[in-house]
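Thank you for making time this morning. I would like to walk through one model with you, strand by strand, so please keep the view open while I talk.

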Amino acid sequence: SVAAGSCANESVITRIWSLTDACGNTATLVQTINVVDTTEPVITAPSGDLTVECDGLGNLDALDNWLASFGGATATDNCSSNITWTNDYTVLSDGCGNTGSAMVTFTAMDDCGNTTTTTATFAIVDTTAPTVVGDFEPVINVNCDMIPEIPNLTFEDACSTNITVAGPTETIVGDINDSYQIIREWVVSDDCNSYTYTQMVNVTVAGVTLTFNAPTLCIEDLPIDLFDVIGDDVDTSGTWVVTMGNATLNGSIFDPSTVSEVGEYEFTYSVSASGQCPTDYLVTISVNDDCVPLACSDPIISNTVTPNGDSFNEFFKVDGIEDCGFTIELQIFNRWGAKIYENNNYQNDWNGFASKASIGNSDKVPTGTYYYIINLRNSGLQPFAGPIYVATK
C-alpha cells in the first residue's frame with residue numbers, strides 16, 4: 001500500500017509478506033519505506049544586481065519588474081515541479097537626494113518547504129545633470145556690435161529639489177582688438193553631483209557704421225555739438241571729419257553760418273578704442289536759408305531789344321536784383337524751340353548775338369519774337385519764362 005506523506009512529494013510505502021508452513025503455522029513480515037524530500041532547490045542562474053537612473057519617482061516600475069522576475073534568477077528541483085520565489089525587499093537605504101541601494105534576498109522554495117537563496121543589490125543613482133529651463137545656446141557666433149547679454153538661466157532636476165548655481169563667470173580668450181572668445185560658465189550642483197554649463201561666444205571684430213539724421217538747420221542757427229546727435233555715451237577719443245560738402249568743424253562743433261551754400265552736409269566720427277567695436281558714426285545735416293528774409297522782389301525783365309546804337313534797349317536785361325546775390329542763368333529760344341543762346345552767369349550783355357551755326361552768316365538773329373527762360377540760382381524762386389521781341393534791322 002502507498003500512503004501520502006506530509007508534503008506533496010513525500011509518501012509511505014508498506015510491504016507485507018505472510019508466510020505459512022505445512023502445518024498451517026503463519027508468520028508476517030512488514031517493510032515500511034518512507035519517501036521524503038529534504039533537498040533544497042538548485043539555483044541555476046543567480047540573481048543579478050540592477051542599477052537605474054533616478055527619475056524623481058524612485059524608479060518604482062524598474063524595481064517592481066526586477067522583483068517580479070526574482071532579479072533574473074532561476075532554480076530547479078529534483079522532486080518539485082513548482083518552485084515559489086519570495087524576497088525580503090522593504091526600503092532603499094539612504095543615499096543622496098532620491099537615490100540609494102538595498103540588498104535583496106531571493107528565496108526559492110519547493111513543495112516541501114526546502115529553500116535556497118540568492119542575493120542581489122538594487123541601486124538608484126543620480127548621474128544626470130540639472131537641465132536648463134527654456135532655450136540655451138552653447139555656441140554663438142557674432143560681430144563685436146551684437147554681443148548678447150549674459151542670459152539669466154533657470155535649472156531643474158528630475159530627482160533633487162536642492163539645486164545651487166555658482167556663476168555665471170565670464171572669461172575673455174584672445175586679443176579683444178581682433179577675433180576673440182567670451183567663455184561663460186555656470187557650475188550647477190544637485191544633491192549628488194556638480195555639472196558645468198558652458199556658453200562660448202565667438203566674436204568677430206569688424207567695423208560697423210551707424211547713421212544719424214540731425215535736425216535741419218538754417219544758416220543763421222546757433223552752432224551744434226555733433227556728439228549731441230549721436231549720444232553722450234559715445235567714447236570721445238575718436239575724430240570728426242567732413243565727408244560731404246564744403247564745411248568746417250571745430251572739433252565736434254558745426255556752425256551752419258560758415259557754409260558757402262545751402263544743401264546737405266555729412267560728418268563722420270570714427271572711434272576704435274581698445275575692447276570696443278570699431279565704429280563710424282555718420283551724421284547728415286541739411287542746411288537751408290529759410291530763416292533769411294528775401295530783400296529782393298521779382299526781377300524786371302526786358303521785353304524788347306533793339307541793338308541799333310541809340311543807347312535804348314540795346315541789351316536784354318534782368319534788373320532789380322543787383323544786391324540780392326543771385327546768379328542769372330539765361331536760355332533764349334527761337335519760335336521753333338531751337339536754343340540760340342545760353343549763359344549760366346549772365347551779365348546783362350546779350351544784344352541779339354547768336355552763333356553762326358544757328359543763324360547762317362550773320363552774327364545777329366533775325367528780327368522777330370523769341371522766348372527766354374531765366375533761373376535765379378540761390379534765390380529759391382521758380383524760373384521765369386516769357387517772350388521778347390528782338391529788332392536787329
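In which sense do strand E8 and strand E9 pair, and over how many bridges? Strand E8 (residues 100-109) and strand E9 (residues 115-125) pair in the antiparallel sense, over ten bridges, where two strands are said to pair if DSSP finds at least two bridges between them, and where helices (H or I, at least four residues) and strands (E, at least two) are DSSP runs numbered from the N terminus.

Before going further, a word on the source: this is a predicted model, in which local features need pLDDT of at least 70, side-chain atom pairs count only at pLDDT 80 or more, and totals for chains, interfaces and linings use all residues. Residues are numbered from 1 along each chain as its sequence is written, and side-chain values use heavy atoms, with hydrogens and water left out.

Alanine 120 counts as buried because its relative accessibility is 1%, buried being under 20% relative accessible area, exposed over 50%, and partly exposed in between (1.4 Å probe, protein chains only). Among the residues that alanine 120 touches, not counting those up to four places away in sequence, are Trp66, Ala102, Val104 and Phe106, contact meaning heavy atoms within 4.5 Å. The C-alpha atoms of alanine 120 and valine 104 are separated by 5.5 Å, although the two residues are 16 apart along the chain.

Finally, strand E14 (residues 180-189) is mostly covered, with seven of its ten residues buried. E14 pairs with strand E13 (residues 164-174) in the antiparallel sense over nine bridges, and the two form a hairpin with five residues between them. Ten bridges join E14 to strand E15 (residues 194-204), also antiparallel, and glutamate 185 stands opposite threonine 198 in E15.
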